[in-house]
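Please open the structure in your viewer and keep the selection tool at hand. The tour moves from one group of residues to the next, with a short account at each stop.

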Amino acid sequence: MEKESSATYEPKRNSEIRVFESSDEISTDLAEYISQVSEISVKERGYFAIALSGGPLVSFLGKLCEAPYNKTLDWSKWYIFWSDERAVAKNHAESNYRLTKEGFLAKVPILNGHVYSINDNATVEDAATDYEFMIRQLVKVRTIGVSERNDCPKFDLILLTMGSDGHVASLFPNHPAMELKDDWVTYITDSPQPPPERITFTLPVINSASNIAIVSTGDDKAKAVHIAVSDMAEGLDAPTSLPARMVQPTDGKLVWFLDKAAASFLDSKNDDDDACYDRHE
Ligand SMILES: O=C(O)[C@H](O)[C@@H](O)[C@H](O)[C@H](O)COP(=O)(O)O
């Protein structure tokens with residue numbers, strides 16, 4: 001893939017980019033990051049409400065299931081949600097719930113009653129409505145925080161991955177779901193990536209979170225990463241329609257966890273000692 005621009009990268013407000021040598025290093029740093037966010041949330045609110053997604057994310061949570069985190073984290077305060085789900089049965093190989101259950105939940109002492117999966121036994125429309133209703137109940141009792149700006153749920157942490165087309169959760173480029181302002185959870189029936197039917201958080205919910213992390217690896221993500229984080233949109237294809245670029249926390253903080261391949265279109269400001277992003281080498 002040819003590099004299209006050599007724009008100097010300046011991090012946007014409230015965002016940070018961490019670049020790592022390997023997926024293993026991402027997993028190590030991500031575990032420490034999640035541990036710190038969970039500790040702060042439990043201390044400040046008494047709960048840790050975290051939304052996960054599917055795809056490769058679970059493979060990056062491995063280190064969190066090991067020492068010291070398996071013993072030191074206050075797992076009883078964790079509440080698990082999904083930022084998106086594919087409309088397949090929970091035991092289907094493509095179910096985000098199943099991926100998370102097998103790769104993460106089965107390995108840590110999170111209470112079953114704190115795991116809020118998306119209904120696989122209803123139409124996507126009903127599943128989205130039910131999920132939003134359930135989140136509304138948990139916001140009322142403040143198990144999930146609330147944004148003072150727009151009454152949206154304020155998750156302590158939303159963990160996302162990004163596709164090479166720049167999609168996050170199940171918000172795809174140029175899809176009308178990206179325009180929704182009042183819904184918290186919606187559904188799509190025409191995903192460009194199978195399966196076509198999916199349930200997803202909307203941008204207002206994602207952007208209301210206290211913390212958002214996007215984990216992305218591989219050189220097929222380099223162009224989308226560049227468009228997503230660059231302030232210099234000139235010459236880039238319809239950057240405002242790129243979902244990852246629309247991830248802009250209103251009150252929170254966004255951290256990108258990238259490998260060198262995904263970061264390969266980003267330029268440091270000068271040389272190594274004056275880089276605009278953190279190189280974890
Ligand atoms: O069904 C999905 O929506 C995908 O699983 C998707 O969300 C995935 O996270 C990205 O496509 C990145 O995946 P890779 O990093 O493995 O390419």
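Rings of Phe, Tyr and Trp, the last taken by its six-membered ring, form a pair if their centres lie within 6.5 Å. With that in mind, and remembering that this is a predicted model, select Phe48, Trp75, Trp78 and Phe104, which ring pairs link into a cluster.

The structure holds 11 aromatic pairs, and the next one to select is that of Trp82 and Tyr97, a tilted pair with 5.6 Å from centre to centre and 55° between the planes. Because Trp82 belongs to strand 3 (residues 78-82) and Tyr97 to helix 3 (residues 96-103), this pair ties together parts that are 15 residues apart in sequence. Trp82 counts as buried, at 1% relative accessibility, and Tyr97 is also buried, with a relative accessible area of 18%.

Then turn to Arg136, whose charged end sits over the ring of Trp184, 4.0 Å from its centre.

Finally, select the ligand together with the residues that surround it, among them Gly55, Pro56, Thr161, Met162 and Lys221. By class, this shell has two nonpolar, five polar and three charged residues. Which side chains place a polar atom 2.6 Å, 3.0 Å or 2.9 Å from an oxygen atom of the ligand? They are Arg86 at 2.6 Å, His167 at 3.0 Å and Arg198 at 2.9 Å. Taken alone, the ligand exposes 420 Å², and the protein buries 76% of that.

Terms used: Residues are numbered from 1 along each chain as its sequence is written. This is a predicted model: local features need pLDDT of at least 70, side-chain atom pairs count only at pLDDT 80 or more; totals for chains, interfaces and linings use all residues. Side-chain values use heavy atoms; hydrogens and water are left out. Rings of Phe, Tyr and Trp (its six-membered ring) pair if their centres lie within 6.5 Å; planes under 30 degrees apart count as stacked, over 60 as edge-to-face and the rest as tilted. Helices (H or I, at least four residues) and strands (E, at least two) are DSSP runs, numbered from the N terminus. Buried means under 20% relative accessible area, exposed over 50%, partly exposed in between (1.4 Å probe, protein chains only). A charge sits over a ring if NZ of Lys or CZ of Arg is within 6 Å of the ring centre and within 35 degrees of the ring normal. A residue is near a molecule or strand if one of its heavy atoms lies within 4 Å of it. A polar contact is a pair of N or O atoms within 3.5 Å; within protein, one must be able to donate a hydrogen and the other to accept it, and residues adjacent in sequence count only if both atoms are side-chain atoms. Accessible areas come from the Shrake-Rupley method with a 1.4 Å probe; for residues, only the protein chains shown count as cover. Ala, Val, Leu, Ile, Met, Phe, Trp, Tyr, Cys and Pro count as nonpolar, Asp, Glu, Lys and Arg as charged, and the others, Gly among them, as polar.
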